[in-house]
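Subject: Handover of a structure

Dear colleague,

Please find below the structure that I am handing over to you. My findings follow it, and I would ask you to read them with the structure open.

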Amino acid sequence: MIKLILGDITKLKVDAIVNAANAELVPGGGVDGAIRRAAGHELSEACERLGGCPTGEARLTLGFHLPARYVIHTAGPVWQGGDQGEAELLRQCYRSCFKQAMEKDIETIAFPCISTGVYGFPKQKAAAIAIKEMHFFENRFSEIIACCHSEEDRRIYLQVLGK
Ligand code: ADP
């Protein structure tokens with residue numbers, strides 16, 4: 001089941017939340033900053049030990065002080081106009097996160113709108129990719145949550161979901 005919510009991903013009591021991180025896994029703003037603040041310094045220490053995450057890949061840590069058991073960090077592509085493989089890299093992000101989740105028996109997983117903040121990926125295009133990948137993996141999980149942080153994002157996701 002795919003569930004759409006409007007809210008703060010750090011508050012969700014799910015098996016795993018996904019972090020829109022950077023390839024160095026160093027502290028960022030946006031959702032990464034919010035997750036680090038809520039999870040505590042242990043999360044940043046765990047990220048440091050991982051030593052980075054190439055764009056399109058994903059890495060797993062514990063959630064530490066978060067209600068979520070795990071955080072799956074993925075580095076989304078920076079939008080550079082669309083001809084630098086951005087769409088395929090974003091697709092890879094979702095797939096890599098689902099793969100990490102399946103290795104850990106994660107049943108419930110929540111995603112932010114990866115790459116659509118500071119990284120500037122067009123929101124409609126990103127939502128179409130996100131929802132397509134979520135549908136592809138839908139049967140493997142009891143709940144996949146698309147966690148939008150703005151009313152605008154929620155509206156776009158509703159459109160893409162055809163609701
Ligand atoms: P990126 O660098 O991948 O673009 P950002 O963190 O800048 O990452 O933005 C990704 C998305 O995360 C944006 O849609 C932004 O609105 C959203 N976001 C920011 N804070 C939160 C939060 N606490 N919970 C859920 N989504 C959030």
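A polar contact is a pair of N or O atoms within 3.5 Å; within protein, one atom must be able to donate a hydrogen and the other to accept it, and residues adjacent in sequence count only if both atoms are side-chain atoms.

The model is a predicted one, in which local features need pLDDT of at least 70 and side-chain atom pairs count only at pLDDT 80 or more, while totals for chains, interfaces and linings use all residues. Residues are numbered from 1 along each chain as its sequence is written, and side-chain values use heavy atoms, with hydrogens and water left out.

The ligand

A nitrogen atom of the ligand lies 3.0 Å from a backbone N or O atom of isoleucine 9. On the oxygen side, a polar backbone atom of serine 115 is 2.9 Å from an oxygen atom of the ligand, and a polar backbone atom of tyrosine 119 is 3.0 Å from an oxygen atom of the ligand. On its own the ligand has 570 Å² of accessible area, of which the protein covers 89%; such areas come from the Shrake-Rupley method with a 1.4 Å probe, and for residues only the protein chains shown count as cover. There are 15 residues around the ligand, and Asp8, Val31, Ser115, Gly117 and Val118 come nearest. A residue is counted as near a molecule or strand if one of its heavy atoms lies within 4 Å of it.

The sheet and its helices

Helices (H or I, at least four residues) and strands (E, at least two) are DSSP runs, numbered from the N terminus. Two strands pair if DSSP finds at least two bridges between them. Strands of a sheet pair through backbone hydrogen bonds, either parallel or antiparallel.

Six strands form an open sheet in the order 1-6-5-2-4-3, and the pairing is mixed. Strand 1 (2-6) and strand 3 (58-62) are the edge strands, each pairing on one side only. From one strand to the next, the twist averages 25°. Axes are lines fitted to C-alpha atoms, for helices over the stretch in contact, and angles run from 0 to 180 degrees between N-to-C directions.

Strand 6 (residues 143-148) runs parallel to strand 5 (residues 108-111), and four bridges join the two. Isoleucine 109 has isoleucine 144 as its bridge partner in strand 6. Strand 1 also runs parallel to strand 6, to which five bridges join it; here the partner of leucine 6 is cysteine 148.

Why is strand 6 described as largely enclosed by the rest of the structure? Six of its six residues are buried, so strand 6 is largely enclosed. Buried means under 20% relative accessible area, exposed over 50%, and partly exposed in between (1.4 Å probe, protein chains only). Glu143, Ile145 and Cys147 point one way from the strand, whereas Ile144, Ala146 and Cys148 point the other way.

Helix 4 (residues 123-137) lies across strand 1, strand 5 and strand 6, and runs at about 165° to strand 6.

Individual residues

Threonine 108 belongs to strand 5 and is buried, with a relative accessible area of 17%. The side chain of threonine 108 reaches the backbone nitrogen of aspartate 15 at 2.8 Å. Beyond its neighbours within four places in sequence, threonine 108 is in contact (heavy atoms within 4.5 Å) with residues including Val14, Ala16 and Ser142.

Serine 96 is in helix 3 (residues 86-103) and is buried at 15% relative accessible area. Leaving out residues up to four places away in sequence, serine 96 touches Gly56, Glu57 and Ala58.

Most residues other than glycine have a negative phi. Leucine 25, however, has a positive phi near 55°. Leucine 25 lies in the loop between strand 2 and helix 1 and is buried, with a relative accessible area of 4%. Aspartate 105 also has a positive phi, of about 55°, but is exposed at 64%, in the loop between helix 3 and strand 5.

Glutamine 84 sits in the loop between strand 4 and helix 3 and is partly exposed, at 48%. The side chain of glutamine 84 makes a polar contact with that of aspartate 83 (3.3 Å).

Yours sincerely
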